[in-house]
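Dear colleague,

I am handing over the structure below, together with an account of what was found in it.

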Amino acid sequence: MAPDGTANGARRVYVTTPLYYVNAEPHLGSAYTSLICDTIARFYRQRGYDTYFLTGTDEHGDKIAEAAAAAGEAPKAYTDRISGIFRSTWEASGLTYDRFIRTTDADHVRTVQEILQRVYDAGDIYFGSYGGLYCTGCERFYTEKELVDGKCPDHKTVPDFIEEENYFFRMGKYQERLLAAIEAKPALIRPERYRNEVLAMLREPLEDLCISRPKSRLTWGIAMPFDARFVTYVWFDALINYVTAVRELGPERFRELWPAAQHFIAKDILKPHAVYWPTMLMAAGLPLYDHLNVHGYWTVDGQKMSKSLGNVVRPLDMQAKYGRDAFRYVLLRESVFGLDADFREDALVTRINADLANNLGNLVSRTLSMQQKYFAGVVQPLGERRPEDVALAAAFADAGREVETQVADLMLSRALEAILRAADHANKYIVETAPFTLAKDPATVPRVGAILHNLLEALRATAQLAAPFIPETAERIVALLDLPADALRLPGAVWGAAFPAGHAVRKPVPLFPRIEP
Ligand code: ME8
């Protein structure tokens with residue numbers, strides 16, 4: 001991996017979420033992947049990278065047709081409605097995506113058909129008959145070996161035996177090439193545990209993939225361009241969205257952005273992204289994505305989240321109750337990328353109080369209130385730097401370096417830990433330098449001004465480092481400091497150069513009021 005975590009060190013990154021099925025509304029799981037992607041996109045944008053961020057909805061196939069029927073709606077009306085809920089939820093969550101794509105969009109339908117035709121013309125799609133165990137929930141055939149006690153491991157239902165004529169993609173033909181690609185680039189699929197899982201899958205012979213559904217059984221799909229009696233299998237359709245979005249930007253943008261693609265998914269959809277998708281790309285003559293980033297699963301109070309258990313966590317409810325940044329902070333802080341995590345509302349409250357109210361919030365309010373009290377808000381000269389001032393600046397420089405390496409490795413919780421550690425250092429600096437005591441003696445008042453100036457720099461540095469993770473808070477801090485919004489851009493001003501002589505900062509307002517548990 002290039003040190004900056006992106007393709008060949010080219011300062012470009014193309015971030016994608018999965019296209020969520022419209023058979024459910026946004027919940028903790030989809031919010032988590034989307035928030036991670038937004039954080040990564042903001043992070044690289046802040047560093048001046050050419051960044052493109054894609055999200056959207058997956059709208060074809062059996063599962064969606066069934067959900068529409070259950071809701072008593074036509075598929076088109078149903079998918080318009082639920083897709084709209086996803087879009088408005090992400091907008092209300094402050095996600096900075098460049099496009100919200102739907103698999104029913106005309107440009108996507110066209111791209112899928114073009115790729116199908118290309119692969120067909122190249123001889124990698126053939127017509128044949130197949131009988132197998134089919135899980136409607138997963139929309140795929142299972143081998144006996146993959147089933148657990150004869151049931152789908154995900155849906156715990158017994159798959160139906162289905163035999164029919166269909167089109168098949170010669171996936172098996174690409175097994176060796178895929179293996180070689182994964183071996184040649186260790187970070188292609190990360191973290192390593194998922195790479196190993198894929199390598200284990202590829203130790204078994206790779207079968208061809210059934211990529212059509214007869215219209216007699218399913219009409220809600222993209223028509224096969226070479227045989228109108230069939231629609232396209234939903235995964236062969238949906239995965240192509242990642243190409244559709246950047247292809248629409250023109251050939252040059254496609255060449256630039258596509259090799260910088262970083263897909264973010266959870267482990268549930270590892271096989272389609274790590275096996276189907278790269279082999280499809282090979283057959284279509286396209287380069288592979290840069291990284292497949294796979295995270296774990298959230299449970300709620302130790303249980304799988306489900307409608308029937310009534311424990312579905314809704315992002316908009318959480319944001320209304322605790323605030324956008326607080327919810328976002330907790331999800332990013334309480335999980336290690338790649339591992340499962342458990343969501344508990346009491347732990348969320350503890351985390352908000354400890355990190356955001358006590359540590360970060362206090363630092364902001366103490367600094368700004370002393371600045372008001374002793375100097376009517378006006379920033380004082382920095383004076384001669386003492387060892388404790390140098391140590392404070394160094395703590396933020398260290399945090400800055402740590403944030404870079406941790407984000408490149410997707411360790412967002414560690415990056416946040418580093419930022420909060422620096423903020424904690426600043427709180428301790430207040431205790432140790434005791435400006436409130438020094439302010440009582442006119443002879444030491446200039447030192448009070450210098451201490452507070454250092455603290456204002458600490459606030460600016462905190463806002464800058466935290467901006468991709470808790471963007472609204474970062475903007476509020478910068479507004480309280482009365483600095484222009486571009487103070488959040490990187491690289492930032494050197495320590496001591498951000499506040500011109502005579503600059504005044506605002507009165508404090510509480511950023512994160514303590515929550516009573
Ligand atoms: O699979 N914890 O859509 P989907 C963490 N349409 N993440 C979770 C989660 C949980 N409990 N539940 C869901 C599909 N997710 C296909 C994708 S892509 C071309 C097509 C997140 O609506 C996580 O990102 O079932 C997971 O991979 C995704 O939602 C599955 O979304």
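What follows takes the sheets, then the helix contacts, and then the ligand. Please keep in mind throughout that this is a predicted model.

The parallel sheet

An open sheet is formed by 6 strands, which run in the order β3-β2-β1-β12-β13-β7 with parallel pairing. Its edges are β3, covering 99-102, and β7, covering 189-190, and each of these edge strands pairs on one side only. Within this sheet, β1 (residues 12-21) and β2 (residues 50-58) are joined in the parallel sense over 8 bridges, and one of the pairs that can be looked up in the model is that of Arg12, whose bridge partner in β2 is Asp50.

The antiparallel sheet

A further open sheet has 3 strands in the order β9-β11-β10, and here the pairing is antiparallel. The edge strands are β9 (212-214) and β10 (223-224), each of which pairs on one side only. Strand β11 (residues 227-232) pairs with β10 in the antiparallel sense over 2 bridges, while the antiparallel pairing of β9 with β11 extends over 3 bridges. The strands β10 and β11 form a hairpin, with 2 residues between them; in that hairpin Met224 has Asp227 of β11 as its bridge partner, and Ala223 has Val231 of β11.

How are α2 and α3 oriented to each other, roughly parallel or roughly perpendicular? The axes of helix α2 (residues 62-70) and helix α3 (residues 75-92) come within 9 Å and cross at roughly 95°, and the two helices are therefore roughly perpendicular to each other. Ile64, Ala67 and Ala68 of α2 make this contact with Pro75, Tyr78 and Thr79 of α3, and the residues involved divide into 5 nonpolar, 1 polar and no charged.

For helix α13 (residues 345-375) and helix α18 (residues 471-480), the axes come within 12 Å and cross at roughly 10°, which means that α13 and α18 are roughly parallel to each other. On the side of α13 the contact is made by Leu360, Val364 and Leu368, and on the side of α18 by Thr473, Ile477 and Leu480. The residues of this contact divide into 5 nonpolar, 1 polar and no charged.

The ligand

Which residues are the closest to the ligand? The ligand is surrounded by 21 residues, and the closest are Leu19, Tyr21, Thr33, Asp58 and Asp268. For Tyr21, a backbone N or O atom lies 2.9 Å from an oxygen atom of the ligand. A polar backbone atom of Trp298 is 2.9 Å from a nitrogen atom of the ligand, and a polar side-chain atom of Tyr297 lies 3.5 Å from a ligand nitrogen atom.

Terms used: Residues are numbered from 1 along each chain as its sequence is written. This is a predicted model: local features need pLDDT of at least 70, side-chain atom pairs count only at pLDDT 80 or more; totals for chains, interfaces and linings use all residues. Side-chain values use heavy atoms; hydrogens and water are left out. Axes are lines fitted to C-alpha atoms, for helices over the stretch in contact, and angles run from 0 to 180 degrees between N-to-C directions. Helices (H or I, at least four residues) and strands (E, at least two) are DSSP runs, numbered from the N terminus. Angles under 35 degrees count as roughly parallel, over 145 as roughly antiparallel, 65 to 115 as roughly perpendicular and the rest as oblique. Contact means heavy atoms within 4.5 Å. Ala, Val, Leu, Ile, Met, Phe, Trp, Tyr, Cys and Pro count as nonpolar, Asp, Glu, Lys and Arg as charged, and the others, Gly among them, as polar. Two strands pair if DSSP finds at least two bridges between them. A residue is near a molecule or strand if one of its heavy atoms lies within 4 Å of it. A polar contact is a pair of N or O atoms within 3.5 Å; within protein, one must be able to donate a hydrogen and the other to accept it, and residues adjacent in sequence count only if both atoms are side-chain atoms.
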